[in-house]
Amino acid sequence: MATEVTVPVLGESIVEATVGEWLKQPGDPVKQDEPIVSLETDKVAVEVPSPVAGVMGAHAVQVGDNVAVGALLATVEAGGAGAAPSPTPAPAPAQAAPAATAGQQAPGSGPTAGAAGDTPAALSPSVRRAVLETGVDPATVKGTGKDGRLTKDDVIAAKAEAPAPAAAVAPQTPSVAAATSGRKEERVRMTRLRQTVAKRLKDAQNTAAMLTTFNDVDMSAVIEARTRYKDLFEKKHGVRLGFMGFFVKAATMALKDVPAVNAQIDGPEGNQEIVYHDYADISVAVSAPQGLVVPVIRDADQLSVAGIEKTIGDFGKRAKDGTLKMDEMKGGTFTISNGGVFGSLMSTPIINPPQSAVLGLHRIEDRPVVRDGQVVVRPMMYLALSYDHRLIDGREAVTFLVALKNAIEDPTRILIDL
């Protein structure tokens, strides 16, 4: 009996998604609750599991299609190979047989002998397309996706690191090989997440009276504390001591001193209200394969530095795995973005609506500064605060940055809440 797989409820206010990748092809055995398709929403990628064990049926939609909540995605034939594995599993449908046979050569019979996951038939559509476009041999690339699956980013990264091997697969993809000899263009569908980010950031520019103020901070004290205690910290808390824990904690203290930076404007134009928060939910920008995501550290003002570091570490790992939940992306009263990890010296970050301010961190660089009348070299970092001038005055923005700077340059203030 065929069981329908439909688009699940995706979260509050999300009524549509885009088919990003089929994880199972028609004829593949599937287990109950095993992911069969990945959907891209405005915030995160969601894997849809099979409701039953059995054999994958026909796909009702293709990669790139937009699908509404409740729409039919595919069918799964209950029973069969997926329900009860045995030495002689049920045969797959006829249309899948040629692909399966191609990847099951006798040992030593050719260069494609090896794990079935390295054959084109076992790859997802987006990865197969990336393989054809780049000429990369998938058997030579280590997958970083869930359960070691090869992802499109893995293929693209392999091409960037070692472009020469493309010639080895040229006989299988003559059109691609011909294109590499001259100029070429690549047209790639913009993901739903990237489209949403683009729209929100442009809306922020069009709506907010955005302004950026700068300061710099001497990182000597934080670096010294981190160097002295990082081993003990990791041994006790099971997580590395980074700089973000200090900055998030210092930011929550500065937000209490300057509540407007932690507030937001709400309501239609002409009848707007200012909403002040007595809590600090800090959004932290995290890099993920599908783009930048911004999960939220709830009640960061109530957490210790260790608690903050654990939360950020968990976000980073699950962002890479694509397992962040939608609820973890909602809300947030203030954002911190660390462009320094990519080498940025200075930037003007864009506000994450409906928030009213965002703090940009940058790389640490030894620079000459004057201390007690002497020129000395210190590890310095530029700080940037972009803010909505409709709500936050320049005096408040500068006061916030100075409070943050003071806490970082003297971390004892964090300990005694000064």
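Two strands count as paired if DSSP finds at least two bridges between them. The model I am reading is predicted.

**Entry 1: an open sheet.** I looked up which strands make up the open sheet and found four, in the order β1-β8-β6-β3. Their pairing is antiparallel. I then asked which strands stand at the edges. They are β1 and β3, the latter at residues 29–30. Each has a single partner strand, so one side of each is left without a neighbour in the sheet. My reminder to myself is that strands of a sheet pair through backbone hydrogen bonds, either parallel or antiparallel.

**Entry 2: β6 and β8.** I went on to one pair in that order. Strand β6 covers residues 54–59 and strand β8 covers residues 72–78. I noted four bridges between β6 and β8, in the antiparallel sense.

**Entry 3: strand β17.** Next I turned to residues 357–361, which form β17. How many of its residues are buried? I recorded five of five, so the strand is mostly covered, buried meaning under 20% relative accessible area. I also checked which way the residues point. A357, L359 and L361 point one way from β17, while V358 and G360 point the other way. Residues on both sides are buried.

**Entry 4: the partners of β17.** I found β17 paired with strand β16, residues 334–338, in the parallel sense over four bridges. Here I336 stands opposite L359. Strand β19, residues 374–388, runs antiparallel to β17, and five bridges join them. The bridge partner of A357 in β19 is Y387.

Entry 5: I placed V15 in the loop between β1 (2–6) and β2 (16–22). Is V15 buried or exposed? Its relative accessibility is 60%, and exposed means over 50%, so V15 counts as exposed.

**Entry 6: rings.** I noted one aromatic pair in the structure. I then looked for charges over rings. The charged end of R226 sits over the ring of F243, 5.0 Å from the ring centre. R367 lies over the face of Y382, with 4.1 Å to the centre of that ring.

Definitions and conventions: Residues are numbered from 1 along each chain as its sequence is written. This is a predicted model: local features need pLDDT of at least 70, side-chain atom pairs count only at pLDDT 80 or more; totals for chains, interfaces and linings use all residues. Side-chain values use heavy atoms; hydrogens and water are left out. Helices (H or I, at least four residues) and strands (E, at least two) are DSSP runs, numbered from the N terminus. Buried means under 20% relative accessible area, exposed over 50%, partly exposed in between (1.4 Å probe, protein chains only). Rings of Phe, Tyr and Trp (its six-membered ring) pair if their centres lie within 6.5 Å; planes under 30 degrees apart count as stacked, over 60 as edge-to-face and the rest as tilted. A charge sits over a ring if NZ of Lys or CZ of Arg is within 6 Å of the ring centre and within 35 degrees of the ring normal.
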